[in-house]
Amino acid sequence: MARHVVLVGLMGSGKTTVGRRLAARLGRHFVDADAALEEIADRSIAEIFEQDGETAFRALESDTFEELLEHHEPCVIASGGGLVLGRENRDRLRRPDVTVVLLDAGPAFLASRVEGKAHRPLVNGDEPAIEILTRLHAERAPLYAEVADITVPVEPFHAREEQPKRALAERLAELVTAHEAQVTT
């Protein structure tokens, strides 16, 4: 039985890029939850944060995620990094038709990937990205662990593979396929 596969992890962990490749390997559609949210809101995430604040953004993120799970064939969804902050989202991630994959990486690695990116409103202030990501990692790691069916460290793929995103997607496809076979028998 095909299930939704939801990629979780902090910004910069590769949810969107690897998610696209994973979806192709699994023969499923890919949805970037942040892009879906921007389309629904007809504004960028940065604009929503600036104009309405993080609380309003999180409510819209939760509504969008619920919509994605309810009205789509099983697909691969790249979630926003803070999706796990909402209890209702963690409950949705534990549904029997959802496989959750945590792309795990340390704050220094993530900071090197997201610094200076305009579409990352949480790291565009005066505080260094490494400090923000260290705080977010400490806050969110237990929430990610609470919902993850599969956890994959991202950094080793970048350290040893010539094409890390491709290799990571291949490994994830193996793990997801094995997990889905196990939970449906």
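Tutor: Start with helix α2 (residues 33–41) and helix α4 (residues 54–70). Their axes cross at roughly 105° and come within 9 Å.

Student: What makes α2 roughly perpendicular to α4?

Tutor: The angle of roughly 105° is set against the classes: under 35 degrees is roughly parallel, over 145 roughly antiparallel, 65 to 115 roughly perpendicular, and the rest oblique. Therefore α2 is roughly perpendicular to α4. The axes are lines fitted to C-alpha atoms, for helices over the stretch in contact, and angles run from 0 to 180 degrees between N-to-C directions. Helices are DSSP runs (H or I, at least four residues), numbered from the N terminus.

Student: What is the model, and how are residues counted?

Tutor: The model is predicted: local features need pLDDT of at least 70, side-chain atom pairs count only at pLDDT 80 or more, and totals for chains, interfaces and linings use all residues. Residues are numbered from 1 along each chain as its sequence is written, and side-chain values use heavy atoms, with hydrogens and water left out.

Student: Which residues make the contact of α2 with α4?

Tutor: From α2 come Ala33, Asp34, Ala36, Leu37, Ile40 and Ala41; from α4 come Phe57, Leu60, Glu61, Thr64 and Leu68. Contact means heavy atoms within 4.5 Å.

Student: How do the residues of this contact divide?

Tutor: Eight are nonpolar, one is polar and two are charged. Ala, Val, Leu, Ile, Met, Phe, Trp, Tyr, Cys and Pro count as nonpolar; Asp, Glu, Lys and Arg as charged; the others, Gly among them, as polar.

Student: Why is α3 called oblique to α4?

Tutor: α3 and α4 pack at about 135°, with axes 7 Å apart. That angle makes α3 oblique to α4. Ile45, Ile48, Phe49 and Asp52 of α3 meet Glu54, Ala56, Phe57, Arg58 and Leu60 of α4. The division is six nonpolar, no polar and three charged.

Student: What makes α1 oblique to α9?

Tutor: Helix α1 (residues 15–26) and helix α9 (residues 164–183) pack at about 50°, with axes 9 Å apart. So α1 is oblique to α9.

Student: Why is the pair of Phe49 and Phe57 called tilted?

Tutor: The count comes to one aromatic pair. The ring centres of Phe49 and Phe57 are 4.9 Å apart and the planes stand at 40°, so the pair is tilted. Rings of Phe, Tyr and Trp (its six-membered ring) pair if their centres lie within 6.5 Å; planes under 30 degrees apart are stacked, over 60 edge-to-face, and the rest tilted. Both Phe49 and Phe57 are buried.

Student: How do you know whether Phe109 is buried or exposed?

Tutor: Its relative accessible area is 16%, so Phe109 is buried. Buried means under 20%, exposed over 50%, partly exposed in between (1.4 Å probe, protein chains only). Phe109 is found in helix α6 (residues 107–114). Beyond its neighbours within four places in sequence, Phe109 contacts Gly12, Val154, Glu155 and His158.

Student: Is Ser112 buried or exposed?

Tutor: Exposed, because Ser112 has 56% relative accessibility. Ser112 is also in helix α6. The C-alpha atoms of Ser112 and Ile130 are separated by 8.3 Å.

Student: Why does Asp42 count as exposed?

Tutor: Asp42 has 69% relative accessibility, so it counts as exposed. Asp42 sits in the loop between α2 and α3 (45–52). Its phi is near 55°, a positive value in a residue other than glycine.

Methods. Helix = DSSP H or I, 4+ residues; strand = E, 2+ residues; numbered from the N terminus.
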